[in-house]
Amino acid sequence: MSLSVHRLRCTGCGVRIDGAAAASNFRCVECGELFEVEYAWSEGAPKTKEPVYRPNPGALKHLWQERKTSTMAVDQSGVWRFRELLPIVAEDRVVTLREGDTPLYAMPRSASALGLNWLLAKHQGMNPTGSFKDTGMTAALSVAVSRGFTWVACASTGNTSAAMAAYAARAGLKSLVLIPEGKIAWGKLSQSMDYGATTMQLKTDFDGCVKVLAEIVKRAPIYLLNSVNPYRLEGQKTPAFEILEQLEWQVPQHLIVPGGNLANSSALGKGLMEMKHLGFIKRVPKISVIQAEGANPLYRWMQKGGEGDLEPVQAETRASAIRIGNPASWKKAARVIAATGGWVEQVTEREIALAKAEIGAEGIGCEPASAVTLAGLKKLVADGRVGPEETAVLLLTGHTLKDSEYTIKFHRGDLLTDEEMAGATAAEQAEFARLQREPLVLEADVDAVLRALEKEAGQPV
Ligand code: F0G
């Protein structure tokens with residue numbers, strides 16, 4: 001496969017350019033909007049004189065499964081296993097850490113609490129660097145290598161930088177990370193250091209870091225790896241293929257995704273719509289996006305009727321991964337939500353904390369930003385938008401170890417303020433009490449441990 005089998009199409013004015021011709025900030029020079037990758041087989045692609053390769057669903061379903069038993073790195077990757085639908089680099093240029101192929105877990109306790117027959121969670125936190133960013137990074141970093149860059153860079157709330165630093169290290173590239181000082185979880189900061197990135201903590205927020213980096217890439221030959229880079233989204237569409245595969249090509253009714261910079265919802269939507277266009281499936285799930293109440297620009301835009309431009313907000317949430325006030329890909333996400341019939345919801349800090357503990361109690365766990373999905377689903381169920389017979393899939397984006405400080409504070413009871421707890425219903429308060437598991441500090445004495453255990457169990461053990 002060669003690089004020339006795709007083009008970039010502007011999602012604003014529709015202009016098509018060669019992949020290598022994109023501006024360093026990946027904005028269209030005609031209209032300022034973002035690009036998406038288009039293949040000869042894509043819906044709406046212009047007709048060509050040469051015959052077009054059209055992926056064959058029957059053959060590919062079989063081939064993609066078969067590759068799981070191969071010993072080749074490109075086959076073991078849960079992204080490149082699907083390479084017929086992402087011809088953006090030659091196979092020998094692929095930079096992979098064997099990302100993807102993440103588990104789809106059943107969540108029986110949450111399902112029963114919500115009155116649903118079943119509920120599923122696609123855990124993207126089970127990727128090599130602990131977040132969904134790996135699927136996008138393997139794609140875009142491979143393009144960076146193919147294009148001969150020596151430096152790559154991103155602005156990040158922590159997960160993108162961890163993923164970029166790891167993949168850059170694998171490829172022998174240098175990486176520059178810009179992060180908001182004091183605003184990202186320690187686990188993520190430590191990853192970028194461990195993988196050898198040049199890490200700069202700027203005295204601003206994520207949106208401020210994005211602005212600085214946009215200027216840097218204009219002045220220096222550095223390849224931008226934020227999600228405005230359309231190749232990231234090609235990798236991030238593959239979990240949608242995996243979900244379908246894992247459900248034996250039965251299409252779930254709902255896919256619930258956290259919303260930050262709003263690229264992931266767009267990527268999954270692109271993947272699902274491609275699956276439908278190519279005849280793999282007959283319909284697509286409704287894609288709903290959940291934002292934290294303190295970082296909710298898309299929610300606000302929708303509430304105002306979904307017209308005109310999105311108004312950025314000053315973002316504030318403990319779910320630091322999605323502490324984003326001016327999301328770059330909001331138009332792409334809004335299109336996907338409209339095309340699939342999904343919704344946008346917002347959830348409070350209290351709702352996020354509870355949902356995260358509930359996901360932990362399922363034995364799965366996730367980072368706070370991922371837990372907005374369960375918190376949002378509760379609202380969609382309460383509003384009758386998700387019915388008891390319907391299958392919903394939560395996209396869990398990050399591993400629970402990413403932000404252990406948050407988890408420890410929750411269990412010690414000092415995560416939320418009194419004000420935030422004040423509005424809790426009696427049922428919510430009981431749920432907090434049931435889930436909070438503060439470690440006990442005891443003497444190293446057998447009887448003391450047994451007494452404490454009996455107290456915990458409420459009976460002799
Ligand atoms: N969940 C997690 C764990 C994230 O790290 C992010 C984004 C999102 C959800 C939101 O995804 O931006 O595509 O809507 N993190 C970015 C970062 C911004 O820099 O790591 P989105």
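This is a predicted model: local features need pLDDT of at least 70, side-chain atom pairs count only at pLDDT 80 or more; totals for chains, interfaces and linings use all residues.
Student: How far is an oxygen atom of the ligand from a polar backbone atom of glycine 260?

Tutor: Residues are numbered from 1 along each chain as its sequence is written, and side-chain values use heavy atoms, with hydrogens and water left out. For glycine 260, a ligand oxygen atom is 2.8 Å from a polar atom of the backbone. An oxygen atom of the ligand is also 2.8 Å from a polar backbone atom of threonine 157, and the value for threonine 160 is again 2.8 Å, from a ligand oxygen to a polar backbone atom.

Student: How much of the ligand does the protein bury?

Tutor: Areas here come from the Shrake-Rupley method with a 1.4 Å probe; for residues, only the protein chains shown count as cover. Taken alone, the ligand exposes 480 Å², and 98% of that is buried by the protein.

Student: How many residues surround the ligand?

Tutor: There are 20 (each has a heavy atom within 4 Å of the ligand). The closest are Ser156, Thr160, Asn261, Leu262 and Thr397.

Student: Let's turn to helices. Which residues of helix 17 are buried?

Tutor: Helices (H or I, at least four residues) and strands (E, at least two) are DSSP runs, numbered from the N terminus. Buried means under 20% relative accessible area, exposed over 50%, and partly exposed in between (1.4 Å probe, protein chains only). In helix 17, residues 426–435, the buried ones are Glu428, Glu431, Phe432 and Leu435. They sit on the same side of the helix because they cover an arc of only 100 degrees around its axis (the arc is that of the directions from the helix axis to the C-beta atoms). In general, an α-helix has 3.6 residues a turn, so residues three or four places apart point the same way.

Student: Which residues are exposed on the other side of helix 17?

Tutor: Ala426 and Ala433. As for the buried residues of helix 17, their cover includes helix 13 (349–361), helix 15 (404–412) and helix 16 (418–422), with contact meaning heavy atoms within 4.5 Å.

Student: How many aromatic pairs does a search of the whole structure find?

Tutor: The search turns up 10. Rings of Phe, Tyr and Trp (its six-membered ring) pair if their centres lie within 6.5 Å; planes under 30 degrees apart count as stacked, over 60 as edge-to-face and the rest as tilted. Tyrosine 39 and tryptophan 41 are a stacked pair, 4.9 Å centre to centre with 20 degrees between the planes. Both tyrosine 39 and tryptophan 41 are buried. The pair of phenylalanine 149 and tyrosine 223 is tilted, because the planes are at 40 degrees, with centres 4.8 Å apart. This pair links distant parts of the chain, 74 residues apart: phenylalanine 149 is in the loop between helix 4 (133–146) and strand 6 (151–155), and tyrosine 223 is in strand 9 (residues 222–224). Phenylalanine 149 is partly exposed at 25% relative accessibility, whereas tyrosine 223 is buried at 5%.

Student: Which residues form one aromatic cluster?

Tutor: Trp64, Phe82, Phe241, Trp249 and Phe280 do. Trp249 has another feature to read, its phi angle. Most residues other than glycine have a negative phi, and most peptide bonds are trans. Tryptophan 249 has a positive phi of about 65 degrees, although it is not a glycine. Its place is the loop between helix 9 (238–246) and strand 10 (254–258), and it is buried, with a relative accessible area of 17%. Arginine 98 also has a positive phi, near 65 degrees. You'll find arginine 98 in the loop between helix 2 (73–76) and strand 4 (104–106), partly exposed at 40%.

Student: Where is glutamine 291?

Tutor: In strand 11, and with 0% relative accessibility glutamine 291 counts as buried. A polar atom of its side chain lies 3.0 Å from the backbone nitrogen of leucine 298. Not counting residues up to four places away in sequence, glutamine 291 touches residues including Gly259, Gly260 and Leu262.

Methods:
A polar contact is a pair of N or O atoms within 3.5 Å; within protein, one must be able to donate a hydrogen and the other to accept it, and residues adjacent in sequence count only if both atoms are side-chain atoms.
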